[in-house]
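Morning, everyone. Please bring up the model on your screens.

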Amino acid sequence: MSERFAVLCPGQGSQHPAMFDMLRADAGGDQIVQEQALDTRLGRPLDEILHDPQLLFANRHAQPLIVAAGLAAWRMLREELPAPTLVAGYSIGELTAYGVAGALPGNDAIDLAVARAAYMDACLKHAPHQGLMSVGGIEAGEAQELLRRHGAFVAIATGFDTLIAGGCSDDLLAAQSELEGVGGRTGILPVGIASHTPLMEPALAPFTAALDAVDFHESACTVLAGISGVEIHDVSSARSTLAQQLTHTIRWSSCMDACAERGVGVALELGPGSALSRMLRERHPHIECRSVSDFRSLAGVVSWLRSRLD
């Protein structure tokens, strides 16, 4: 095999009404989606959620749907592909990553996503009106200091001059005005909680208990911790870093650098969306990266990857 292979597992924000269509068009994929019992786990029909934007982007639905879609796609692909060298997950995608690595049974990962979303939503009782905001065009250290002055935080570090900010909505709006005043680019994201910031502190204990109640298995491949880009090789560290990411900055730029440092030449984003593959190509152009969402069929995904890995 000429290239090392990484799998990237996205976070919420790119979900869309057709995110399960490719899977359901295949008899095996449709069976997997049925086995996930999303109607029961989410408390309402999947199609109702998919076709109502308010439901689709609600945190309580978005997190488990992202995990379910990624794991269903991987179950369809894994028998046709070699084991990846690395798996990395962006925010909620880190639960998907442990499912891909075989450390978490798929439905356990979905159930943890349901619990995680509920605990994070409950943080709104302590600090209502939260959100996330993209920031670009300003050196990350400068942007972080400006956010700090307004009581906001760096939720996800993505590049030299890009990041995702989190905080109370009023603080983000104040920071947004100043950032744009000095030439920054900003955009409020369709996420109603300040993930990966201290505002999620009330969720830490109950989510830690939920993680402790689930049996993790030995991973079949290396998973990267989102908060550091460091390789995780034991169950204790897996549980600890999954919990810590609720309140700590996600260092996605470090995860991308770890892929390059480990000699990854090809990467596949499980989708929905293609934000992670775009970021990786921009940061490390020598890594060939595409998303499942770029293809019309899972067979097309397999054909492309085989042509790069054989």
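**Helix H8 and its neighbours**

The buried residues of H8 pack against helix H3 (38–42), H6, H7 and H11. This is a predicted model: local features need pLDDT of at least 70, side-chain atom pairs count only at pLDDT 80 or more, and totals for chains, interfaces and linings use all residues. Residues are numbered from 1 along each chain as its sequence is written, and side-chain values use heavy atoms, with hydrogens and water left out.

Some terms. Helices (H or I, at least four residues) and strands (E, at least two) are DSSP runs, numbered from the N terminus. Buried means under 20% relative accessible area, exposed over 50%, partly exposed in between (1.4 Å probe, protein chains only). Contact means heavy atoms within 4.5 Å.

Which residues of H8 are buried? They are Ala109, Ile110, Leu112, Ala113, Ala115, Arg116, Ala117 and Met120. H8 covers residues 106–122.

Now H6, residues 59–77. Its 19 residues should span 27 Å, and its end C-alpha atoms are 27 Å apart. In H6, 16 of the 19 residues are buried, so the helix is largely enclosed by the rest of the structure.

H6 packs with helix H7 (residues 93–100) at about 25°, axes 9 Å apart. Axes are lines fitted to C-alpha atoms, for helices over the stretch in contact, and angles run from 0 to 180 degrees between N-to-C directions. H6 and H7 are therefore roughly parallel. Angles under 35 degrees count as that, over 145 as roughly antiparallel, 65 to 115 as roughly perpendicular, the rest as oblique. From H6, the contact uses Ile66, Val67, Gly70, Leu71 and Trp74; from H7, Leu95, Thr96, Gly99 and Val100.

Next pair: helix H11 (residues 201–212) and helix H12 (residues 235–244). Their axes come within 9 Å and cross at roughly 150°. That makes H11 roughly antiparallel to H12. H11 brings Leu204, Phe207, Thr208, Leu211 and Asp212 to the contact, and H12 brings Arg239, Leu242, Ala243 and Gln244.

Last stop: Ser253, in helix H13 (residues 252–261). Is Ser253 buried or exposed? Buried, with a relative accessible area of 13%. Leaving out residues up to four places away in sequence, Ser253 touches Ala157, Thr158, Gly159 and Arg283.

Technical notes: Expected span 1.5 Å × (residues − 1).
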